[in-house]
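Thanks for coming, everyone. Have a look at the model on the screen, and then I will walk you through it.

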Amino acid sequence: MLDAALSDTITKFPIDIQPFKDMIDGMRTDLKKARYKNFDELYMYCYYVAGTVGLMSVPVMGIAPESKATAESVYGAALALGLANQLTNILRDVGEDARRGRIYLPQDELAEAGLSDEDIFKGVVTEKWRKFMKRQIKRARMFFEEAEQGVTELRKESRWPVWASMLLYRQILDEIEANDYNNFTKRAYVGKAKKVLALPVAYGKSLLLPYSLRNNQT
């Protein structure tokens, strides 16, 4: 049934097969790799397992007919959103991944912060860890910000769910901060009330003009 649905979708929309192949490669990476030397390596992993989802989704969601943005910029924003989501997953799941012997954090940045794999496995929140986490959260938010303009360029009916998911995922970063950066033993999650409150905000944002048209009007 899933294969039939995918075949039907590929027939109806101009979806490139490469992101699907890349995603499979990303899943295979988890079978043989549990450390990432630097952010360049981690970036590629995030692209393979999550950035690809953004590239798959744009042809289905569609770019607004009135949008003046280039397709390249919209796809770039979709890629940024996938990266932001995956980086958020990684930061949320540090403790869980460590218990499986996996560390999805740049090894060189850990070393710069005076941290090691052993510190991750011990799972103690220190000032060094807080400082390190602030840097990682700042980077994830940067990718969310990069994605925002692209969301406004999607077809109107597609914007609301994307805005909703983006706002909710960004709040996971807020919850990590609220937990005093303890992502070793506390799982950051967005409560039901906050999720419900995010929906009308997301709907309001979905009604805004595409960013490219706002620029043209000024």
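**Aromatic pairs**

The structure holds 10 aromatic pairs. A pair here means rings of Phe, Tyr and Trp (its six-membered ring) with centres within 6.5 Å; planes under 30 degrees apart are stacked, over 60 edge-to-face, and the rest tilted.

A word on the source. This is a predicted model, where local features need pLDDT of at least 70, side-chain atom pairs count only at pLDDT 80 or more, and totals for chains, interfaces and linings use all residues. Residues are numbered from 1 along each chain as its sequence is written, and side-chain values use heavy atoms, with hydrogens and water left out.

Are Y36 and Y45 buried or exposed? Buried means under 20% relative accessible area, exposed over 50%, and partly exposed in between (1.4 Å probe, protein chains only). Y36 has 1% relative accessibility, so Y36 is buried. Y45 has 6%, so Y45 counts as buried too.

Next pair: W129 and F184. This pair is tilted, at 4.7 Å centre to centre and 35° between the planes. W129 sits in helix α8, while F184 sits in the loop between α9 (156–178) and α10 (192–206), so the pair ties together parts 55 residues apart in sequence. Helices are DSSP runs (H or I, at least four residues), numbered from the N terminus. W129 is buried at 1% relative accessible area. F184 is buried at 4%.

One cluster to note: Y36, Y45 and Y104 together form it.

**Charges over rings**

The rule: NZ of Lys or CZ of Arg within 6 Å of the ring centre and within 35 degrees of the ring normal. R139 lies over the face of F39, 3.9 Å from the ring centre. K205 has its charged end over the ring of W163, 5.1 Å from the centre.

**The cavity**

How many cavities of 30 Å³ or more does a search of the whole structure find? It finds 1. A cavity is a set of points on a 1 Å grid, over the protein atoms alone, where a 1.4 Å probe fits but cannot get out; lining residues have an atom within 4 Å of a point. The volume, the space filled by probe spheres set on the points, is about 40 Å³ for the largest cavity. Its lining includes L42, Y104 and R139. α4 gives the largest share, 3 residues.

How values were computed
On a 1 Å grid over the protein atoms alone, a cavity is a set of points where a 1.4 Å probe fits but cannot get out, and a pocket is an open set with protein on both sides within 12 Å along at least five of seven lines; lining residues have an atom within 4 Å of a point. Helices (H or I, at least four residues) and strands (E, at least two) are DSSP runs, numbered from the N terminus.
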